[in-house]
Amino acid sequence: MSDKKKLKVATTSLAGCFGCHMSFLDIDERLFTLLEHIEFDRSPLTDIKTVTPGTDIGIIEGGLCNAENVHVLREFRANCNILIAIGACAINGGLPAQRNHLPLTTILEEVYHTSPGLANGRIPNDPELPLPLNQVHPIHEVVKVDYFIPGCPPSGDAIWKVLTDLLAGREPELGHGLMHYD
Amino acid sequence: MSHTFTLDGKTIPFEPGETILQAAGRAGVYIPHLCYHPEFKPHGSCKLCTVKINGRQTASCTMRAMVGMVVESETEEINAERRALTQMLFVEGNHFCPSCEKSGNCQLQATAYHLGMMSPHYDHFYPNRPVDASHPDVLLDFNRCILCSLCVRASRDVDGKNVFALSGRGIKTHLIVNAKSGRLADTDFTLGDKAAQVCPVGVILKKRQGFAVPIGERTYDKAPIGETLAEGK
Amino acid sequence: MALNEMHAEAVAGIVDRVLVRYRRDPSCMVQMLREVQEALDWIPPEAIDRMQASLAVPRTKIEGVAGFYAFFYLQPRGRYRILFSDNVTDRMLGSEALLQQLCSNLWIEPGKVSEDGLVSVDRTSCTGLCDQGPAMLVNNRAISRLTATRIDEIAELVRSKVPLAEWPADFFAIDDNIRRADILLDAEFAPGAALAAARARAPDEGIAASNMRSWREGLPSGIGGPIATLDEIKRANLRGRGGAGFSTGLKWESCRNAPLKAGQQRIVVCNADEGEPGTFKDRVLLTSKPDLVFEGMTVAAYAVGATRGFVYLRGEYRYLLEPLNAVLAKRRADNLLGRDILGIPGADFDIEIHLGAGAYVCGEESALIESLEGKRGTPRNRPPFPVTNGYLDQPTIVNNVETFAAAALIALNGGDWYAAIGTKHSAGTKILSVSGDCERPGIYEYPFGVSVRQVLADCGAGDTQAVQVSGPSGICIAPAEFDRIIGFEDIPTAGAFTIFDNTRDMFEVARNYVHFFQHESCGFCTPCRVGTSLLMNLMDKLARGCGSPYDFAEIEKLNQLLQSMSHCGLGHTACNPVLDTIARFRPAYEKRLTQKDFTPAFNLDDALSQARQMTGRDDTHAHLSTTHGGQA
């Protein structure tokens, strides 16, 4: 692969903890090798704010817990050829989805009105704030997702394996040791 | 005349009356399964052990081996359907592996690894299933129940207690315990029961024991389920 | 004494009376639960306390069984429990509007109990009144031909708390609607005639001894009376009328030859769990020809050497229980049941009626036997088969109502007579339950071999788009196939014949059937338990206009999985309505694939509803567009 044909990769964290991004950095010195083949577009690593149309690979950490998550996910889907869900939250909602058995109204009531120690509790209603969804959803329930890297977080090795498989045109596969959901 | 059949081309000997799964296990060949346990009468409900015999699919845990049977198991077609079954089990309940004490020792999880399940694929049901923490020694987390009924069978057939049963129907089928209150604390269940030891997933958990074994040293960290369970243990 | 203790004591008294009637036999659990509920309107915890103590069975067993059947309530459901029949034919006749009317009339929501605990209104699977729908069950009593006026009358009766027994009798009139009768429905049949004919067919010499031995040991051959009867059944080429078409003679012979362990007896079971949506011919047979059916069972008992018989009657036909029991009592009085039937020494046989409680899967013979044994209606692993290991592990034959009626006529008139009717591969007649878009819905009995076109002409169907033969687990055919015939060699059927004219949306028909299977899946095996729900969700997604080619492919994959991995016929056939309608009415689906790209199954803007409600926001950022512009 020559420099001219570097693949554009965008990443983001929706309702996630950035742990998957940290794990991405655990690729360590192999990042240098990776950077011979890819360049980063929108990502917390670059501070680019929008996804360039025609981006080759979008990597999504985290599930969907509010309206902004949906907007960002849609932007990625619209502008990336390949979309990868990375980590438990993107794949099954993960920790944020543990609220799914409770009505959102009950949660907001509890958090802003009835919890002890709240003075003058009000539910924030600034239009700048994204509204939470009734339930947290994994991203494949809202857009088509091409590949998944499970794990909480997936190891740097697992991420490396999937990316190098894709760069080499192979179907990504995680064997024993790399495949885990926790 | 020798009692053998072929499984994916390999000759497997069997004792008359043995099922395909039992014979394969003795020969060291793994067929995925969840509701089967060598100490209990086969149940045939999870369908993970489905194989193809002379072109027809059937559960290998309940099908008796017969001389000359031609059985296919590890084909991409069958494994794709098994993978779909594990995905169904994942979305039907609430399986959040990172926060589950059974992770690394869970047969559902390990089977999904074996089958290369990269995602749950389907939309999640996110059922509301409250946990039962009433018992002093044991936690019941129904979120992870896959309705294999191993605890039902163990409590009934070994412990002689009938602590567990399935109630409801269809997608509303659920595990119940033998108490008017519906609480495990009000049953005669104890940690020494066989039923406390057979759950393949993380429903029946010993309290104050979680995460005792570090990641990397748990059962299926060390070897994939196919190598661990081939003997049907 | 505290009020709740008095209550518990009163409940215990009621429960005790029921348990005594069933000899405290846990294998009668389903019947005991039914009677407890009939007395108490639901099954309260105090009743389970008493059953647990008195029967010495674990509570889990009682609750497990009670939780399985749709008609058993472990929560109060009101003094009036109203269930609208929800077959597609009921819907075509406007059942949903009537349900909404009744609910708004009574100020309740479907599925919920009124605040005063008086009444609940919900839906239930087909009640077998498709020729006179829309229909409902009120505390398991059927009311057919519902109209807006009738709904208002019912609401008034409920509000005024008029006991059900005092409701106008004409509300509960159910018609047979026999439009075409043949050998079965036209039979001038004198009770006992078939048994007498069977007896006469055997040589007198040594018959008493051989009968005795046959009855006890079930010897395979060389025995006079029973074997002569079995021979006639085989000569008649009679095949099971439940749809599968297994040879009745072979089934009976296998049961007769199955060894009996000490203390065992052979069992004859009549499958009257007519749950296939669109089928109601067994109801009419049991109403109009009950003696023929019971006599057929007795003939079977004679042929296989059985001493105990059951009719497993679906809970939806609860109102037939008293009339049928009266017929059984008369037969006992006439020595057609009981000991030494017709004076034939050793010919001991009696029949009891067990009621189901709202579980379609119990039409599957091994699930039916589980239910007869007082358990959850889960299909067994087979082999072994019921003919060797059936009811309480005893050799058991399970046959359809119509099969027994035919067997009685064969015993009376001989196998050759019967085999000459119908076609080469399908002897005799078939009773069709005709409903849907036609002028004369009802019961039509034809010799096998009648064409679909002929049936449509006879019942006055016009502009027919499709016919669902044998219900949702059967086959859906289009006009190009109307020359096909009813028979095991072409279209086998349990009897349902549901007609859809050109105004009907075949996608919606399939969607109704998919909902039915989802509701009726027993939950035992993974593919059917989860797969029927996934399939239902996908069909609903298409119906909401969120469907894309992705979902269509998913439906096809699920169909494949259900067929290949399911435990029993319910799962195997759950996708038939979808497969058939996709194959024949594809435009009805393509119309639904309104999205080019993958679209969520849920409405994203609706998913912000609770947050909007709590924050009072309605600005543009408080909404999400429901379709997304991204590529697939």
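The radius of gyration used here is taken over C-alpha atoms, and the globule rule is 2.2 Å times the number of residues to the power 0.38. The model is predicted: local features need pLDDT of at least 70 and side-chain atom pairs count only at pLDDT 80 or more, whereas totals for chains, interfaces and linings use all residues. Residues are numbered from 1 along each chain as its sequence is written, while chains are lettered from A and ligands numbered from 1 in the order in which they are written.

**First stop: chain B as a whole**

Select chain B. A compact globule of 233 residues would have a radius of gyration near 17 Å, and the 18 Å of chain B agrees with this. Its C-alpha trace spans about 55 × 40 × 35 Å along the principal axes. Chain B contains 6 helices and 9 strands; helices (H or I, at least four residues) and strands (E, at least two) are DSSP runs, numbered from the N terminus.

Of the 233 residues of chain B, 53% count as buried. A residue is buried if 20 or more other C-beta atoms lie within 10 Å of its own, exposed if 12 or fewer, and partly exposed in between, with C-beta atoms placed from the backbone. Contacts are also defined by C-beta atoms placed from the backbone, two residues being in contact if these lie within 7 Å. Among contacts in chain B between residues at least 6 apart in sequence, 65% join residues at least 24 apart.

**Second stop: helix α3 of chain B**

Select residues 107–114 of chain B. Why is helix α3 of chain B described as largely enclosed by the rest of the structure? The reason is that 8 of its 8 residues are buried. Among them are Leu108(B), Ala110(B), Tyr113(B) and His114(B). After α3(B) comes Gly116(B), which has a positive phi, near 70°.

Move to chain A and select residues 80–86. This is strand β5, which is mostly covered, with 5 of its 7 residues buried. Two strands pair if DSSP finds at least two bridges between them. Strand β3 (residues 55–61) of chain A runs parallel to β5(A) and is joined to it by 6 bridges; there, Ile57(A) stands opposite Ile82(A). Strand β7 (residues 147–149) of chain A is also parallel to β5(A), with 3 bridges between them. Ile86(A) has Ile149(A) of β7(A) as its bridge partner.

Select Gln98(A), in the loop between α4 (88–92) and α5 (104–114) of chain A. Is Gln98(A) buried, exposed or partly exposed? It counts as partly exposed, because 15 C-beta neighbours lie inside 10 Å. Then select Gln135(A): 37 residues separate it from Gln98(A) along the chain, yet the two C-alpha atoms are 9.5 Å apart.

In chain C, show β6 to β9. These 4 strands form an open sheet in the order β8-β7-β6-β9, with parallel pairing. The edge strands, each pairing on one side only, are β8 (350–355) and β9 (396–400) of chain C. Strand β7 (residues 306–313) of chain C pairs with β8(C) over 6 bridges in the parallel sense, and Phe310(C) has Glu352(C) in β8(C) as its bridge partner.

**Last stop: where chain C meets chain B**

Select chains B and C together. Here 31 residues of chain C are in contact with 28 residues of chain B. On the side of chain C that touches chain B, α20(C) gives the most, with 8 residues.
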